Amino acid sequence: SSEKSASCVAARERSKRRKSGDLPAVLAVYAPSKEAPPVVSASPAPAMSTPARRRLMRDFKRMQTDPPEGVNAAPMDSDIMKWNAVIFGPEDTAWEDGTFKLTVEFTEEYPNKAPVVKFVTTMYHPNIYADGSICLDILQNQWSPIYDISAILTSIQSLLCDPNPNSPANSEAARLYQENRREYERKVKEVVEASWADDGEGGDGDDADGDDGDDEKAVTTADD
């Protein structure tokens, strides 16, 4: 229907604004605010003094000051060991305009041990399991302490459009990718459209411009 078409166009435009650098609601929750980035306490609690937590604070500051294109992340609530992240679908691919959410959980062994990274958004990809887990070498046997949250997210973004069907986590997606690329891309585009609805399409849309102020409040709790 024309109403559904208009709704899809509006959602797609919101996704394009996000990629152009306009931080909307999804990044206000999943990443630092441009206008008022959260300030890390100068006197952190003793629990913040472990090597892993100090490293994560450095990673967070780097993400704030120099976020890679098309990805962003921030600690959730008051726990520096658990992060929310967002990846935008790469341009000129079937994933373009998608807004894909993830969780990243670190342990005290970081950076010597890779974090557990999962998609929250339902995905259709040869290397992504049904529960959102990701089959990616740098999260497994090719992990190195030099990797940080930015490297992890950009690697996952690259994996979206350059899968490895020979090491499938989703055998049906791997088969379609190899045997029927058109059908595979049709299913990917369904995932992209579903990600718009996931991103709050049911709301009034005003929040995308930060008018109600709730997003900024959500951000400032990230490291209270």
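In the hairpin of E1 and E2, 2 residues lie between the strands, and Asp77 takes a positive phi near 50°. The model you are looking at is predicted.

- E1 (71–76) and E2 (79–88) pair in the antiparallel sense over 6 bridges.
- Within that pairing, Val71 has Ile87 of E2 as its bridge partner.
- E2 also pairs with E3, in the antiparallel sense and over 7 bridges.
- Trp83 stands opposite Val104, which belongs to E3.
- E2 is largely enclosed by the rest of the structure, because 8 of its 10 residues are buried.

**Helix H4**
- H4 covers residues 149–161, and its buried residues are Ile149, Ser150, Ile152, Leu153, Ile156, Gln157, Leu159 and Leu160.
- Asp148 caps the N-terminal end of H4, with a side-chain oxygen 3.2 Å from the backbone nitrogen of Ser150.

- In soluble globular proteins, nonpolar side chains tend to be buried together.
- The largest nonpolar core here has 45 residues, and Trp83, Phe119, Ile134 and Ile156 have the most contacts inside it.
- Elements giving two or more residues to this core include the helices H3, H5 and H6 and the strands E1, E2, E3 and E4.
- H4 gives the most to this core, with 6 residues.
- Beyond its neighbours within four places in sequence, Ile156 is in contact with Ile87, Leu102, Val117, Phe119, Ile134 and Leu136.

Key: Residues are numbered from 1 along each chain as its sequence is written. This is a predicted model: local features need pLDDT of at least 70, side-chain atom pairs count only at pLDDT 80 or more; totals for chains, interfaces and linings use all residues. Side-chain values use heavy atoms; hydrogens and water are left out. Buried means under 20% relative accessible area, exposed over 50%, partly exposed in between (1.4 Å probe, protein chains only). Helices (H or I, at least four residues) and strands (E, at least two) are DSSP runs, numbered from the N terminus. A polar contact is a pair of N or O atoms within 3.5 Å; within protein, one must be able to donate a hydrogen and the other to accept it, and residues adjacent in sequence count only if both atoms are side-chain atoms. A nonpolar core is a set of buried Ala, Val, Leu, Ile, Met, Phe, Trp, Tyr and Cys residues joined through side-chain atoms within 4.5 Å. Contact means heavy atoms within 4.5 Å. Two strands pair if DSSP finds at least two bridges between them.
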